[in-house]
Amino acid sequence: MAISHVQLEVLAQLKDLLPAVPKMLSLGYPDILATAEQIDTTCGKDFANSLIRRDDSDEIIAWHGLTGKLDFIADSLNFFSALNIDCHTIDITASRGNERIIDLNEPLPQDLLASFDLVFDPGTLEHCFNIGQASINAAACLKVNGFICHFSPLSMFNHGFFNLNPTFFFNFYHQNGFKIVLMKGCAGPILEQKYFDLPDTERFEGVPNDASVVAVA
């Protein structure tokens, strides 16, 4: 799971709509895959220099296929703390060492329900075979007036179990009392991603390979 500069921009825009110190749940530990320049552009001058750098940065960079393209990986919990965001992470395994072990294929523990101002899915939903339950779980973690952000595969073949159409998010959230506030496509190398337009429910063609759908509700 990872956060690109495009995802950081979405989070920065939402932060102004959230409480002063919002409580955030990340579905999977979100490796921050952005250059220092991209981080500073979104978060403020010299922000990147203030961050704690993970000792296993080289290993994580190599795992994402970005050797030679990134200098470091920031500790994500420190990153969000510096933005005054109280970030909690859950995952099926503790790949980065501080995740709470939760299986999204099963109903959630009660203490996670209606507890978060922001739920962030950096690419987890498609890895849950029981995707209906996982979607219900993610939405159920939100407080009233909270926001949920999905960055899910649209045309990433054999990446996880599913590619997700815009209508998946449009219909699920509208039929459960939410409002869609952003629906876009996103494509390109992770350090150079750019948006493109997507219809909510109409048929469409010509999507680039390895594209994602960005949905905020």
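Q: Which residue is the bridge partner of L27 in β4?
A: Strands of a sheet pair through backbone hydrogen bonds, either parallel or antiparallel. Here the partner of L27 in β4 is I90. This is a predicted model, where local features need pLDDT of at least 70, side-chain atom pairs count only at pLDDT 80 or more, and totals for chains, interfaces and linings use all residues. Residues are numbered from 1 along each chain as its sequence is written, and side-chain values use heavy atoms, with hydrogens and water left out.

Q: How many bridges join β2 to β4?
A: Two strands pair if DSSP finds at least two bridges between them. Strands (E, at least two residues) and helices (H or I, at least four) are DSSP runs, numbered from the N terminus. Strand β2 (residues 23–27) and strand β4 (residues 86–91) run parallel and are joined by five bridges. β4 also pairs in the parallel sense with β5 (residues 100–101), over two bridges. In that pairing I90 stands opposite R100, and D91 stands opposite I101.

Q: In what order do the eight strands of the open sheet come?
A: The order is β5-β4-β2-β6-β7-β10-β8-β9, with mixed pairing. β5 and β9 (194–197) are at the edges with a single partner strand each, so one side of each has no neighbour in the sheet.

Q: Which strands does helix α5 lie across?
A: Contact means heavy atoms within 4.5 Å. Axes are lines fitted to C-alpha atoms, for helices over the stretch in contact, and angles run from 0 to 180 degrees between N-to-C directions. Helix α5 (residues 131–140) lies across β2, β6 and β7, at about 140° to β7. Helix α1 (residues 5–15) lies across strands including β7, to which it runs at about 170°.

Q: How many aromatic pairs are there?
A: Rings of Phe, Tyr and Trp (its six-membered ring) pair if their centres lie within 6.5 Å; planes under 30 degrees apart count as stacked, over 60 as edge-to-face and the rest as tilted. The count comes to eight aromatic pairs. In one of them, F129 and F161, the ring centres are 5.3 Å apart and the planes at 90°, so the pair is edge-to-face. F129 lies in the loop between β6 and α5, and F161 in the loop between β7 and α6 (166–174), so the pair ties together parts 32 residues apart in sequence.

Q: Are F129 and F161 buried or exposed?
A: Buried means under 20% relative accessible area, exposed over 50%, partly exposed in between (1.4 Å probe, protein chains only). Both F129 and F161 are exposed.
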